[in-house]
Amino acid sequence: MSVEIRRFREEEYPALLSLIDTAFSFEQGNFLALLPKLYKKEYSPWENNLCAFEDGVPAAAVGAYYDTVTVGGQALSVCGIGNVGVHPDYRGRGYMISLMEALTDEMDRRGAVISVLGGDRFRYAHFGYEGACPGCIYSVGAHTLGKQLGLRAAELHEVTSADDELLGGIERLYRSADIAFARGGGSFYDTLLSWKNRIFCSVENGEVTAYCTVGGDGYVGELRAGNLSADGLSADGLGEFLLGVMEKTGRDSVNLFAGMNDLLLRDCASKICDEASVRDCERILVLRWESFICACLTAQARKTRPDDVS
């Protein structure tokens, strides 16, 4: 038996998609439909996937997607780990461990500051990943917003690939945040479409004032608001925006995610929600602590309000 560990090649693109769909018990083509930003052929996904080949047959793969994230004005190299999968016929042979260890060494050589992934807490602790990026999930209902708080739905636009001006406004709003990924290697639109999301935005005087992505389960996973009211983001402005989302999606409630660092969004959401819970949604491996800590402290300082400082 021979084992070779290397990146996929372009001609092996169909084999890559087949392997990861099979490893996750998906229908063929599911990964491509769920994450076009990573698996469209035009983005060369074979270059981002390390594979263990057993006797020439792809047995396991791990995706390593390098990007840059701006945190507090500082650009950090980051590697996102995805599609960690082993074909059912080749499990129990140590391929996942070999691939993850090889990628950890590679990330260090390439100067990555952090690596992030979503996955089993205890499995990835073996490779140094710890729980990070906690956030709050706010359950917000139309009855509370409309009947009890007296709010009205904002007028929203559903964004498609043909809406170049709206997409440009959304991207500008996204990049104005204290934490923003370069989102290289795929179009901005394809990134927003991850997990079959729909995209909605509000517009005033020709400018995008807020946008969000909404999953089929009513999960609002990315909400950026620059000017939902005269004073910026407010609880009422947020409530009217979310009512607009519910109107567009035909839902009577949504679940809004807000990162722990997003103090203003959390404050506004807490005033209009029916209930809230904490979610630990990511795993993180820090390879260069000094760069990481300095950037995080700078970002947090920008978020701290004067009345929070004693």
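Is Cys201 buried or exposed? Cys201 is buried, with a relative accessible area of 0%; buried means under 20% relative accessible area, exposed over 50%, and partly exposed in between, with a 1.4 Å probe and protein chains only.

This tour concerns a predicted model, in which local features need pLDDT of at least 70 and side-chain atom pairs count only at pLDDT 80 or more, while totals for chains, interfaces and linings use all residues. Residues are numbered from 1 along each chain as its sequence is written, and side-chain values use heavy atoms, with hydrogens and water left out.

**The cysteines**

A search of the whole structure finds zero disulfides, a disulfide being a pair of cysteine sulfur atoms within 2.5 Å. For Cys201, the nearest cysteine sulfur is that of Cys212, 9.2 Å away. Cys212 is likewise buried, at 0% relative accessible area.

**The cores**

Next, select Leu223, Leu238, Leu242 and Leu256. These residues have the most contacts inside the largest nonpolar core, which has 27 residues. Such a core is a set of buried Ala, Val, Leu, Ile, Met, Phe, Trp, Tyr and Cys residues joined through side-chain atoms within 4.5 Å. Colour helix α9 (235–249): the largest share of this core, seven residues, comes from α9. Helices (H or I, at least four residues) and strands (E, at least two) are DSSP runs, numbered from the N terminus. Other elements that each supply at least two residues include β10 (207–214) and β12 (253–259). Apart from this core lies another, of 23 residues, among them Ala59, Ala64, Val84 and Met107. In soluble globular proteins, nonpolar side chains tend to be buried together.

**The aromatic rings**

Now select Phe26 and Phe31. Their rings form a tilted pair, 5.1 Å centre to centre with 50° between the planes. Rings of Phe, Tyr and Trp (its six-membered ring) pair if their centres lie within 6.5 Å; planes under 30 degrees apart count as stacked, over 60 as edge-to-face and the rest as tilted. Phe26 is partly exposed at 29% relative accessible area, whereas Phe31 is buried at 6%. A search of the whole structure finds 11 aromatic pairs.

**A last stop**

Finally, select Ile5, which lies in strand β1 (residues 3–7). Ile5 counts as partly exposed, at 41% relative accessibility.
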